[in-house]
Amino acid sequence: MNAIINFFKTKAGVHPPEHKAESTQLPIATLPLPSKLVLPLRQHIGNMPKILVSVGDTVLKGQLLATPECAVSAAIHAPTSGTIAAISEEVIPHPSGLPDLCITLIPDGKETWAPLSALDWHNTPKQELVASLCKSGIVGFGGATFPTHIKLRSNGKSNVHTLIINAAECEPYITCDDMLMREYADEIIKGIEIAQHLLGASKSIIGIEDNKPQAITAMQAACAGKPITVSIVPTLYPSGDARQLIRLVSGLEIPHNKRATEMGVQVFNVATVRAIYRYVSLGEPAISRIVTVTGNVQTPQNFEVLFGTPLPELIKAAGGAKAATTHYIMGGPMMGFDLPSEQVPITKAANCIIAAAPNLFAAPPPAMPCIRCARCADACPVNLQPQELYWFSKSDNFEKARDYNLFDCIECGCCTYVCPSDIPLVQYYRYAKSEIIAIDKAKEAADLARERNDFRLARIEREKLERAQKHAERAEAGRVQAEKTVNNDALGANIHAGAGDAQKPDADVAKAAKQAAIAAAIERAKATKAALAASGEAPKNTEPANVSIQQEIAEIDARRQSVGLEKPVIEKPEVGNADAEKQAKIAAAIARAKAAKAAAEANKSSE
Amino acid sequence: MNRSPYITDAPTVSTIMLKVLLALVPGIFAYAWIYGGGILVTITLATITALIAEAALLKIRQRPIKPHLMDLSAVVTAWLLALALPPLAPWWLVVIGVFFAIVIAKQLYGGLGYNPFNPAMVGYAVLLISFPLIMTRWPAPLALAGHPLGFMDQLHFIFSNVLPNDVKVDAITSATPLDYLKTQLKLNQEVAGITQAPMFGNFGAQGGEVVTGAYLLGGLYLIQQRIISWHLPTAFLAALASISLIFYAVNPAHFANPLFHLMSGASLLCAFFIITDPVSGPTTPRGKLYFAAGAGLLTYIIRVYGGYPDGVAFAVLLMNMCVPLIDTLTQPRVFGHEK
């Protein structure tokens, strides 16, 4: 019957040779104290923490060296006691190969601990615990390195009922979680209890692939009598992907646009919960992790390694690399990456170091054309159509790629693994994703720039209007004054004459308005002169200025005198001249506007 | 640079094609046993033609020659076309058919992976339209032939169109059962009577059904090896059987029974080897079902109402045209997405 089922069944995922036995022959070993430790400040997803020490400082083991300044960041601690030798850019284990800021610590060999403060988590408020964990330096040790304290924060909105512990360890070669469970099952369970308490979850499920019988036995024994169960999942890569594991152990399929916590599920790696226990109950921050060293080395094994340990010292501990080793891979053979140099430090993300050699990982043959066999689609755990995505990515048809859910791709590599044409499919998807992100960013920037420009234009327009309005008000004030003083009807008559003939075409109206304006200006000038003469005051150097300005000046003078200031000396009489001209122009403009308005109204009424 | 994954599983395009060829071997043996060793000559001729045409076109297109000859896809096309042709087809017919399949239908569209139509079926259709007489003139199985030809006689006939002195062409050839059924039905004969003719076997054609059975064997091997998915042959055969069953149930005097349709002509060759060509077929599981079912229905309709005795080639080509649409409409639900 099984044979018949297998005949028809196509199951997503792949089952590559496991290569786990090599590194599980020996127990976890501790590395001798390295000669120096290089601690990248960014060993996690998120922002760089703020450095608290300077070169030359003596630090104790577990002392905080850098503290997170915002939520999405993680602390860095001194893995041992010693002296800060440098704070500089060094090569870090990152696919980009770019250097990043690191603290270099020279151990003093004394291993003097900083004072540790353990917490009684049963009797400590949750908020206090989480606030404390913020400084623990704990990140997702499964490889994602997302700061753990964020995932433990319950902001009241999330209602996590199930905590899932990811112990699937589905990638070939990697055995650090397997060995951790075999040797530290009780610490893991204690960590789960703390995490479960913080999240308010009612139960925890530990998902382990069935190729780790010893770890399963150890965990089952340790969680007996507790609301924690072990769920044994079939060995099928990538069962360790968080969403895949959630479905495997709980049957829940997290919608693509939702977080697991929105569905009441939180996932932690098994090493992460152990670190939570050690921090909360023992006060030890994250200063080391278990690393699998395997591949082309003499004695593949797991080591408890201090963060910052230079890779060569770790390789030496594994008996050294065998001949023909070409380079090192961090992570597993499905999702890992080539280390840019041998001289990189071990970081929080380093779950596995594989010494690569041609006999282990043959160079892929040249890619053949896609024959649309859809083996990739059968293997895809997310049920995408990789052959279509490849086609779209290759032809830079990014919109189509997005339509076909490119961003649901978890880059697990199953498609590339099964491709008979040896097409590096995942690389195409990484390329397309980064292109789409870049395009989106550029578009966002362009949108922002356009918005900013629109705003600027609107502001200029508004300011222009405001200015015009202000001037108009002042001019109006001046005109009213002038009219009052001279009581000249000519202006009004002229304007009415110009505006009176509604049938005149626009040009005539404009002409009439112009004439009216000129007449008005002349009249105003005359009025000013007359007013001046009438007042009998000796003409000041502001003589051509109109009445309103003179009034203003008089007011200012009065104010100044009242506060005991001398009359200001107007240095530039031309200013007054210019002002008068301006005022005249504005008055003319107002007259024009009035004329036009009158004409328009006349037009309207005649229609 | 991140270039993971670093590992890959064994099968390559070459191994896939090799397994397809291997799966054809039982059918070829059965063919040679029933119709004589001439088929081996035809297959050899087709293979050589295909490889030369492929190499020449790759050179003209400035593509690497060796890896593409090694992928064996041209050989698969050649074998499938050779098996679809009537035994003892003249050499030039084979050469023209293979030339069209490789040069026009495959390489001019961009070579392996880019041909929208099944190359072997394009070659077959071109020959069927251009040389209908030869293409429908099948030699009788050796057991039924008045003058069974020996291997050397067949070889001679293929290359020079000359038969031994005492043999006439009519003596060694006959219509195929599908063809015969069609013509006899037009003469108002009843199916039960027509199938009494010696060319009919237990299910399909006398002898031909043995070859068909051998194809079934090879096809099951391909499914077991996960070279082809079960969707295509199952849907094709189910559709063909269903529609013939409906017609047969309505009027058994005028329509042959489903088993006859399944075991006659190129039904099983098509089900396991023709519609399973991945390049010109759909990729989604549901799409495969629609594609194959469509091909099955069209095959029946062309057989019964069309101008040609067998409809496989045209059915497949017509369905090839629908592949982009089928693929677009049958995208499976992505993990975490609504239907």
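Author: Start with one pair of residues. Thr58(A) stands opposite Thr83(A), which belongs to β7(A). Strands here are DSSP runs of E with at least two residues, helices are runs of H or I with at least four, and both are numbered from the N terminus.

This is a predicted model, in which local features need pLDDT of at least 70, side-chain atom pairs count only at pLDDT 80 or more, and totals for chains, interfaces and linings use all residues. Residues are numbered from 1 along each chain as its sequence is written, while chains are lettered from A and ligands numbered from 1 in the order in which they are written.

Now the strands. β4(A) and β7(A), residues 82-91, run antiparallel and are joined by 2 bridges. Two strands pair if DSSP finds at least two bridges between them. The open sheet has 4 strands in chain A, ordered β2-β8-β7-β4, with antiparallel pairing. β2 (37-40) and β4 (58-59) of chain A are the edges; each has a single partner strand, so one side of each lacks a neighbour in the sheet.

Step back to the chain. Chain A has 17 helices and 17 strands. It holds 607 residues, and 45% of them count as buried. Buried means 20 or more other C-beta atoms within 10 Å of the residue's own; exposed means 12 or fewer; partly exposed lies in between; C-beta atoms are placed from the backbone. Contacts use those atoms too: two residues touch if their C-beta atoms lie within 7 Å. Of the contacts in chain A with a separation of 6 or more, 73% link residues 24 or more positions apart.

Next, the packing. The largest nonpolar core has 246 residues. Such a core is a set of buried Ala, Val, Leu, Ile, Met, Phe, Trp, Tyr and Cys residues joined through C-beta atoms within 7 Å. Met219(A), Val291(A), Leu81(B), Phe236(B) and Val316(B) have the most contacts inside this core. Helix α4 of chain A, residues 176-199, gives the most to this core: 13 residues.

Last, the two chains together. Their contact takes 45 residues from chain A and 34 residues from chain B. On the side of chain A that touches chain B, α12(A) has the largest share, 3 residues. The predictor gives the complex an ipTM of 0.89 and a pTM of 0.79. Chain B has a mean pLDDT of 88, with 93% of its residues at 70 or more. pLDDT is the predictor's confidence in each residue, from 0 to 100.
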